[in-house]
Amino acid sequence: MRILVVEDHKDILANISEYFTLKGYEVVGALDGLTGLRLAILGNFDAIILDLMLPGMDGNHICKKLREDSRQHVPVLMLTARDQLEDRLAGLSVGADDYIVKPFALSELVARVEAVAWRSTGMRKNVLKVHDLTYDLDSLEVRRAGTLLKLNQTGRVLLELLMRKSPSVVKRKEFEQALWGDNTPESDSLRSSLYTLRKIIDKPFDLTLLHTVHGMGYKLQGPR
């Protein structure tokens with residue numbers, strides 16, 4: 001599970017990140033609201049832990065923009081030192097899924113994040129997203145920046161694997177297993193197929209998403 005933590009207190013951010021990482025999560029951190037909003041829109045996260053009081057833009061405004069402007073339905077758990085009822089209601093009214101008051105136990109925070117992520121799975125569309133690239137697994141439509149892209153079956157298999165593992169590296173053996181199982185062809189069909197995929201999803205656009213990691217494999221990653 002990939003988690004975004006937006007918290008301006010460095011020690012709290014470090015503690016949360018370390019604890020979630022030890023639990024097997026991939027954690028990305030942001031120390032201000034504007035950076036947090038940008039990452040939330042582009043980062044393909046499974047859940048967001050969002051502090052209420054942030055420099056640049058507060059948590060309520062970030063959550064509202066995610067829900068109304070960007071149509072993001074990723075689960076949001078709000079952190080705050082405010083424990084008044086009106087403060088909790090304000091967070092819930094802009095689309096937060098849960099609310100936890102500081103100080104809190106890290107074990108409870110993990111449990112709450114897992115709960116909101118689990119509840120949201122039934123509401124999410126079956127769509128993979130990396131930066132401005134989306135793949136609807138139901139309709140098989142691939143779009144980048146709203147532009148419909150045409151991929152053959154091989155390209156769709158490669159893209160799904162890359163998007164599911166993003167931003168991790170996908171090794172050659174993983175591609176071969178997904179495409180051909182134990183019957184890998186003698187020719188270098190994989191390299192040719194990845195070259196074709198790169199031309200379709202990257203060449204017409206300014207930003208490169210498909211990266212070669214020399215000696216390891218390939219990864220799909222948006223801007224850091």
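## A tour from Pro 167

Select Pro 167 first, in the loop between helix H6 (153-165) and strand S10 (170-171). Its peptide bond from Ser 166 is cis, with omega near 5°. Helices (H or I, at least four residues) and strands (E, at least two) are DSSP runs, numbered from the N terminus.

This is a predicted model: local features need pLDDT of at least 70, side-chain atom pairs count only at pLDDT 80 or more, and totals for chains, interfaces and linings use all residues. Residues are numbered from 1 along each chain as its sequence is written, and side-chain values use heavy atoms, with hydrogens and water left out.

**Whole chain.** Zoom out. The C-alpha trace spans about 65 × 35 × 30 Å along its principal axes. Eight helices and 12 strands make up the secondary structure. Of the 224 residues, 42% are buried. Buried means under 20% relative accessible area, exposed over 50%, partly exposed in between (1.4 Å probe, protein chains only). Now consider contacts between residues at least 6 apart in sequence: 56% of them join residues at least 24 apart. Contact means heavy atoms within 4.5 Å.

Go to Lys 102 and Pro 103. A cis peptide bond joins them, with omega about -5°. Pro 103 sits in the loop between strand S5 (98-101) and helix H5 (106-120).

**Positive phi.** Select Leu 140, in the loop between strand S7 (133-136) and strand S8 (141-144). Its phi is positive, about 65°, although Leu 140 is not a glycine. Leu 140 is partly exposed, at 41% relative accessibility. Step on to Ala 145, in the loop between S8 and strand S9 (147-149). Ala 145 is not a glycine either, yet has a positive phi of about 50°. At 55% relative accessibility, Ala 145 is exposed.

**Helix H1.** Select residues 10-22. These 13 residues should span 18 Å at 1.5 Å a residue, and the end C-alpha atoms are 18 Å apart, which agrees. The expected span is 1.5 Å times one less than the number of residues. Color Leu 13, Ile 16, Ser 17 and Phe 20: they are buried. Look down the axis of H1: its buried residues fall within an arc of 100°, so they line one face of the helix. The arc is that of the directions from the helix axis to the C-beta atoms. On the other side, Asp 11, Glu 18 and Leu 22 are exposed. Gly 24 follows H1, with a positive phi near 95°.

**H7 against H8.** Show helix H7 (residues 172-180) and helix H8 (residues 189-201). They pack at an angle of about 90°, with axes 11 Å apart. Axes are lines fitted to C-alpha atoms, for helices over the stretch in contact, and angles run from 0 to 180 degrees between N-to-C directions. H7 and H8 are therefore roughly perpendicular (65 to 115 degrees; under 35 is roughly parallel, over 145 roughly antiparallel, the rest oblique). From H7, Arg 172, Phe 175, Glu 176, Leu 179 and Trp 180 meet Ser 189, Leu 190 and Leu 194 in H8. The residues of this contact divide into five nonpolar, one polar and two charged. Ala, Val, Leu, Ile, Met, Phe, Trp, Tyr, Cys and Pro count as nonpolar, Asp, Glu, Lys and Arg as charged, and the others, Gly among them, as polar.

**H6 against H8.** Thr 154, Gly 155, Leu 158, Leu 159 and Leu 162 in H6 meet Leu 190, Ser 193, Leu 194, Leu 197 and Ile 201 in H8. This contact holds seven nonpolar, three polar and no charged residues.
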